[in-house]
Amino acid sequence: MASHDLADSMVAAPAPARDWAEGLPADVLLAILHRLDHVDILTAADHICHSWRRAAREEPSLWRRITICGHEGIARMLNRCGLACEAVRRAAGQCEAFCGVYAGDDGFLVYLMEQAPYLKSLRLISCNGVTNEGVAEAVKELPQLEELGLSLCENVGGSEVFEVVGEVCPHLKNFRLCKKLFDVRVQNRDNDVRGIATMHGLHSLQLFSNLLTNKGLETILDNCPHLESLDIRHCFNIDMDESLLLKCARISTLRIPDDPLDDYNLEVQSPIRVIPDDPIDVPREIFGYSDYSDYSRDDDSDGSDDDSDFYGDSTEIDDSDYYGGKEPSHYESDLDKYEKMLPFSMRTFLK
């Protein structure tokens, strides 16, 4: 009996399971996180273990160049402006570039200009909560901007706001203004020209589906002598005649209205290039005004898009929301519909 007990005691005890994630060296862990999407870091990688959590929250270099994109399937459930604010907060004032797809409104721009004073690149795509007023106020506090993109943002446009950009952003080199649809029936042609012409330092300009005319384009060319790249695809009010081609001769990269769209990565609708005989479908813009309330927003079907709950405490994150503390998440009341679909760690960013 004694020998049997001795044999049992000689059997090696099983080695404890090794937490490979917790044990990664700091440089390896950061290399992994740098390869991940920022939304994935905020909603998943941030919650793997304490070392990943520390790196995701306390390493500003991860957030120097931020991209917040809408993810298919769950994009409409997430408070993307909340995600964007949290990403900018983690940059600790070091954010140099922000790109948001369905992830920006005027409230976010206020937060961005306060938290990212050295921002050099701002690209907003499909952000219908952003308006002329929001852009004009934000750029006044972002004088280091070198790149500005406002694509598919239906509530932004016109010389008034772009004149402000040209005045307060003297370092601006790249400007992108893209619309989904060219519609020949709209009368406010050259509406953006006067403002864009104040951006004298531009090296690259993309105007997609814009309503500018030959005269408008000539005005821009005369006032932006450093242009090296010009993309005016789907700008069908322009006739590339001999005079205009001569003015564009100094531009090294030129894309004209009918050029192919093989490298264009945004949504495009079929252009309306001919005024139809039947005037029934004439849009309201023809009469000099537009009702933007008809545009679809990146929100729920009831039309609500209130992210104010997040902005109120975006600079202070309660760990109990992430790690199952006694206090429930302040978004807990919204979880009934999605609690079986989303992990607990993502619930803080639900609308």
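This report walks through a predicted model of one protein chain, from its overall makeup down to a few single residues.

## The chain as a whole

The protein chain has 13 helices and eight strands, and 46% of its 351 residues are buried. Its exposed surface comes to about 18,000 Å², with carbon and sulfur atoms supplying 50% of that.

The contacts reach well along the sequence, too. Take the contacts between residues at least 6 apart in sequence: 73% of them join residues at least 24 apart.

On one side, strand E2 (residues 97-101) pairs with E3 in the parallel sense over five bridges, and Cys 99 has Arg 123 in E3 as its bridge partner. E3 (residues 121-125) also pairs with strand E4 (residues 147-151), again parallel and over five bridges; here Leu 124 stands opposite Leu 150 of E4. How enclosed is E3 by the rest of the structure? Largely, because four of its five residues are buried.

## Two loops with a positive phi

The loops that follow E2 and E3 each hold a residue worth a click. Tyr 102 lies in the loop between E2 and H6, and Ser 126 lies in the loop between E3 and H7. Phi is near 55 degrees for Tyr 102, a positive value in a residue other than glycine. Ser 126 likewise has a positive phi near 55 degrees, and it isn't a glycine either. As background, most residues other than glycine have a negative phi.

## Helices H6, H7 and H8

Helix H7 packs against both H6 and H8. With helix H6 (residues 106-115), the angle is about 0 degrees and the axes are 9 Å apart, so H6 and H7 run roughly parallel to each other. On the H6 side, the contact uses Asp 106, Leu 109 and Met 113; H7 brings Gly 134, Val 135, Glu 137 and Ala 138.

Now the other pair. Helix H7 (residues 132-140) and helix H8 (residues 159-168) pack at about 5 degrees, with axes 9 Å apart, and are therefore roughly parallel as well. H7 contributes Asn 132, Val 135, Ala 136, Val 139 and Lys 140 here, and these meet Val 161, Val 164, Val 165 and Val 168 of H8. Val 135 is one of the H7 residues named in the contact with H6 and also in the contact with H8.

Which residues of helix H10 (residues 214-223) are buried? They are Asn 214, Gly 216, Leu 217, Ile 220 and Leu 221. These residues cover an arc of only 165 degrees around the axis, so they lie on the same side of H10.

As for what covers the buried residues of H10, the list includes helix H9 (193-196), strand E6 (204-208), strand E7 (229-231) and helix H11 (242-247).

His 234 sits in the loop between E7 and H11 and counts as buried because its relative accessibility is 9%. Leaving out residues up to four places away in sequence, His 234 touches Phe 182, Phe 208, Ser 209, Asn 210, Pro 257, Leu 261, Val 268 and Pro 271.

Finally, have a look at Ile 41 in helix H3 (residues 38-43). Its relative accessibility is 0%, so Ile 41 counts as buried. The C-alpha atoms of Ile 41 and Leu 62 are separated by 9.7 Å, with the two residues 21 apart along the chain.

Definitions and conventions:
Residues numbered from 1 in each chain as written. Predicted model: local features only at pLDDT ≥ 70, side-chain atom pairs only at ≥ 80, totals over all residues. Heavy atoms only, no water. Pairing = 2+ DSSP bridges. Buried < 20%, exposed > 50% of the residue type's maximum accessible area, 1.4 Å probe, protein only. Arc of directions from axis to C-beta. Contact = heavy atoms within 4.5 Å. Areas by Shrake-Rupley, 256 points an atom, 1.4 Å probe, with all protein chains shown as cover. Axes fitted to C-alpha atoms, helices over the stretch in contact; angles between N-to-C directions. Parallel < 35°, antiparallel > 145°, perpendicular 65-115°, else oblique.
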